[in-house]
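Dear colleague,

I am passing on the structure that you asked to look at, with the sequence beside it. My notes on what was found follow below.

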Amino acid sequence: MNEFTTRWQLRLLAAQHDLVEACGGIARVMEKTGYSKGQVGRWNGGIDRDLMSLSVVLTLEEDCGRPFVTSVMAEFHGRTLTDAADNGARVAHLEELVAGLVEKAGRLVVETVKARADGITTVNEATGLRAISAQIADLNAAIQDALAGVMAGERLSVVTGGAA
């Protein structure tokens, strides 16, 4: 079990700052929560900082659609969040693609070493190496497509540290 140290508190405070910014800044958060400028300012930064209540965190995370503080809390417990809509399916697919890429790249290295062992690469060996290389290219293209989807606004989350 993690100990709640200054490091974790600073991470929560940084997440709160990001949350306030993602929700449109201090004035917008004041409107959304009904708290004073001073209180929201203490959540956002400065010398005298406060932690938000859970109800404020939930309200603001719902507003901006990004779980800044909740993610840090989950990480404290050795977990990360996944999008409930896809139940981690895209993450599993991406991990599967990357694992396949690593496997094929390793196979390409092994087969290349075997082909070069006698100092001569035969046509059959070259054909085999090209086939593996083509598989690597296909996997790389699929990974690029998956990541492009993330960059285009889709969410990608990873679950680690055990079952949720």
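Is Lys114 buried, partly exposed or exposed? At 53% relative accessibility, Lys114 counts as exposed, where buried stands for under 20% relative accessible area, exposed for over 50% and partly exposed for what lies in between, with a 1.4 Å probe and protein chains only.

Before the rest, a word on the basis: this is a predicted model, in which local features need pLDDT of at least 70 and side-chain atom pairs count only at pLDDT 80 or more, while totals for chains, interfaces and linings use all residues. Residues are numbered from 1 along each chain as its sequence is written, and side-chain values use heavy atoms, with hydrogens and water left out.

Salt bridges

The side chain of Lys114 meets that of Glu111 in a salt bridge, at 3.5 Å from N to O; the term is used for a side-chain nitrogen of Lys or Arg within 4 Å of a carboxyl oxygen of Asp or Glu. Lys114 and Glu111 are 3 residues apart in helix H6 (residues 89-116), and are therefore separated by about one helical turn. Helices here are DSSP runs (H or I, at least four residues), numbered from the N terminus. As background, an α-helix has 3.6 residues a turn, so residues three or four places apart point the same way. Glu111, for its part, is partly exposed, with a relative accessible area of 27%.

A search of the whole structure finds 5 salt bridges, and one of them joins Glu75 to Arg11, at 2.9 Å from N to O. Because Glu75 lies in helix H5 and Arg11 in helix H1, this pair ties together parts that are 64 residues apart in sequence. Glu75 is partly exposed at a relative accessible area of 33%, and Arg11 counts as partly exposed too, at 27%.

Arg28 and Asp63 also meet through their side chains in a salt bridge, at 3.2 Å from N to O, and that pair links distant parts of the chain, with Arg28 in helix H2 and Asp63 in helix H4, 35 residues apart. Arg28 counts as partly exposed at 32% relative accessibility, and Asp63 is partly exposed with a relative accessible area of 27%. Arg28 and Asp63 are linked with Lys32 in a network of salt bridges.

Aromatic rings

The whole structure was also searched for aromatic pairs, and 3 were found; rings of Phe, Tyr and Trp (its six-membered ring) pair if their centres lie within 6.5 Å, and planes under 30 degrees apart count as stacked, over 60 as edge-to-face and the rest as tilted. Phe4 and Phe76 form an edge-to-face pair, with 6.1 Å from centre to centre and 70° between the planes. That pair links distant parts of the chain, since Phe4 is in the segment before helix H1 (6-22) and Phe76 in helix H5 (residues 68-76), 72 residues apart. Phe4 is partly exposed, with a relative accessible area of 43%, whereas Phe76 counts as buried at 14% relative accessibility.

The rings of Trp8 and Phe76 have their centres 5.3 Å apart and their planes at 90°, so this pair is edge-to-face as well. Trp8 lies in helix H1 and Phe76 in helix H5, so parts 68 residues apart in sequence are tied together by the pair. Trp8 counts as buried, at 7% relative accessibility, and Phe4, Trp8 and Phe76 form one aromatic cluster. Arg7 lies over the face of Trp8, at 4.8 Å from the ring centre, by the rule that NZ of Lys or CZ of Arg is within 6 Å of the ring centre and within 35 degrees of the ring normal.

Helix H3

In helix H3 (residues 37-44) the buried residues are Gln39, Val40, Gly41, Trp43 and Asn44. These buried residues pack against H1, helix H2 (26-33) and helix H4 (54-64), contact being heavy atoms within 4.5 Å. After H3 comes Gly45, with a positive phi near 155°.

Cysteines

How many disulfides does the structure hold? It holds 0 disulfides, a disulfide being a pair of cysteine sulfur atoms within 2.5 Å. The sulfur of Cys23 has its closest cysteine sulfur in Cys64, at 4.2 Å, which is too far for a bond. Cys23 is buried, with a relative accessible area of 5%, whereas Cys64 is partly exposed, with 21%.

Methods. Helices (H or I, at least four residues) and strands (E, at least two) are DSSP runs, numbered from the N terminus.
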